Amino acid sequence: MARSTILKVLLAVALTVGGIACGGSDRLAEPGSAAGMNVLVITIDTLRADRLGCYGHAGAETPVIDALAQTGLLFEQATTVSPITLPSHASIFTGINIPDHGVRHNGTFRLGPENTTLAERFAASGYDTAAFISAFVLDRRFGLNQGFADYDDRFERVLDPGPGSYAERPADAVTARAMGWLQARANAQRDNPFFAWVHYFDPHGPYEPPSPFAERFSSVPYDGEIAFVDHELGRLIEALRQLGALEDTLILLTSDHGEGLGEHDEATHGDLIYDSTMRVPWILSNPRLFPKGKLVRDRLAATIDIAPTIAAMTGIEMNARVDGVDLTATPIKGRTVYLETLAPLLDYGWAPLHGLRRIDSKFIQAPQPEFYDLITDPAELNNLFESRKAAGGLRAELTELMGRWPDAFEVAGIRRELTQEEQQRLASLGYVTGQGVQPPGTRDPKKMMPVWHRINQAARLSVRGEHDDAIAAIREVLTVDPGDGKAWSVAMQIYDRAGQYSEAETCARRALELRPTSDLWVNLARFALNRGDLATFDGALAEAARLDPQNGGIHIGHGHAAALAGDYEKAREEFEEAIEVDPVGSGAAAREQLRRLDALLEQRKN
Ligand SMILES: [Zn+2]
């Protein structure tokens, strides 16, 4: 209590001095004012700021988050730096721009140990550290576990593996794990502070909130998922209150990105960088520090500011360069924040997007560049690139910034041109029409959303067993966009489900030419094994292992080969290994293989 009184006096003095000396009291909190407090970082995946009550959404049922804002700083204009889960979280915990930590996409990138994370700094300062994760995209193998003594990434629920689904666990399960950890600390009478991160995944598609939120939000299930998370967050905060820790906990609530919900014809997120997927909530809450709460409108907040802001408030040194700023300090006039998504290039072969966000405007570098005045046009519908002088300034600033970093194509390992041979082969396969193949990275993602929808439709038809329609749909895509790696990979799955393995293998090979991934090599190995081509099988699995040694599919492949050769003991070992490296993903398939193996051996016995 004494500390808070002193703090109030200090704040009052600071305000007075500021008012006299420089006419501005724009500091929002004093450095070190949260020293010794617990820190709880909440990231709610895929949460649009404008779907929360405290950000003005009338239909929201988010009383817990709204209450956090009432005793906290709420930054009205806050942007993430990436519309993709893993890169975005990597920037949240390091405070640096994406090209500098190098995590450019989900799945195939990893946060390297050379980076310094907020969790590492808290651990080094004697805090207990723990993270509670809800989706496989943030599994420890991707490197965000550094600094967390406990990294709870067990995912109990596997969704139907439709397009865009991941292994995940729901908010009630995550809250229960976090509450268990808090209780265990209390039982052990730990008197040092904690640094904890709780990640909720529910608002990510598919939107299927549990009862009673499903009924209450039957027409807007996305809002129902948010209401469910809010309810579960309420249980966690109540647990802190019960333990007497709430007043001593600094809570940061944000999201890794928003959701398109059809704006700009984007259903989900990842391929465009408009505010529908880039604007996020940014709330820093503590009842002692901010008893009345404050709506902050005079500065742009970014997710790279989370680490430096928390570090400054708790008096922890980051001990590394950061690109973000302490948001409680005096705001920087004309500040710009770097945005990017490489998903269009890496997944589809379309142009990558880079951008600069200012509090009042945004520039997007694309084949057709864009500039938006966010004051008059927050929905980003009126491209002013040709008419506004400021657009040229932002473009020049972005070009200079990007000059320091490796080129996106280099990072992706994608060549800018197709070889003559590739062109001819595509033509011979019947996939190229009169206009020929466009070089990779030239198509503008904002114009490709109809193709995105068609690919997803084809995948859904295939999952439903409507193979002929699925094949027709994906062939139509491949005809108009033959450089589209995602379309070839989906075509592989469609032909595979339809039992047309030779076509499936052709598609796998084409997808591998465009952008090799471990999973594609595993699939190619499977098709080769079916044909009895052991040389290709071995080579493909070696490539799969080179790209991702932890891919459980590699063990399943070796298990199949062993079973075919009659070595059932080896087959069993491989399937068990697949469960070991990835209990949820390949593990589910491996358990099925073990079941079949047992049935086969049982049959042999009789
Ligand atoms: Zn996400």
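## Surface and charge

The protein chain exposes about 25,100 Å², and carbon and sulfur atoms supply 52% of that area. Accessible areas come from the Shrake-Rupley method with a 1.4 Å probe, and for residues only the protein chains shown count as cover. This is a predicted model: local features need pLDDT of at least 70, side-chain atom pairs count only at pLDDT 80 or more, and totals for chains, interfaces and linings use all residues. Residues are numbered from 1 along each chain as its sequence is written, and side-chain values use heavy atoms, with hydrogens and water left out.

The chain carries 60 positive and 84 negative charges, whose mean positions are 3 Å apart. Lys and Arg count as positive and Asp and Glu as negative, while His and the chain ends are not counted; each charge is placed at NZ of Lys, CZ of Arg, CG of Asp or CD of Glu.

## Overall fold

The secondary structure comes to 23 helices and 16 strands (DSSP runs numbered from the N terminus: helices are H or I of at least four residues, strands E of at least two). The C-alpha trace spans about 80 × 65 × 45 Å along its principal axes.

Of the 606 residues, 55% count as buried (buried is under 20% relative accessible area, exposed over 50%, partly exposed in between, with a 1.4 Å probe and protein chains only). Among contacts with a separation of 6 or more, 67% join residues 24 or more positions apart; a contact means heavy atoms within 4.5 Å.

## Cysteines

The structure holds zero disulfides, a disulfide being a pair of cysteine sulfur atoms within 2.5 Å. Cys 54 counts as partly exposed because its relative accessibility is 22%. Cys 507 has 0% and so counts as buried.

## Helices H2 and H8

In helix H2 (residues 63–70), the buried residues are Val 64, Ile 65, Asp 66, Leu 68 and Ala 69. These buried residues pack against strands S1 (38–44), S2 (72–75), S9 (249–254) and S10 (282–285), and also against H8.

Helix H8 covers residues 221–242 and includes Arg 235. With a relative accessible area of 34%, Arg 235 is partly exposed. Leaving aside neighbours within four places in sequence, Arg 235 is in contact with Asp 172, Thr 175, Ala 176 and Met 179. Ala 535 is 300 residues away from Arg 235 in sequence and 56 Å away in space, C-alpha to C-alpha.

Most residues other than glycine have a negative phi, and most peptide bonds are trans. The peptide bond from Gly 205 to Pro 206 is cis, with omega near -5°, and the bond from Ser 211 to Pro 212 is cis, with omega near 5°. Pro 206 lies in the loop between strand S8 (194–200) and helix H7 (213–216), and Pro 212 lies in the loop between S8 and H7 as well.

Thr 46, not a glycine, has a positive phi of about 65°. Thr 46 sits in the loop between S1 and H2 and is buried, at 0% relative accessibility. Glu 380 also has a positive phi, near 55°. The loop between strand S16 (370–373) and helix H12 (389–402) holds Glu 380, which is buried with a relative accessible area of 2%.
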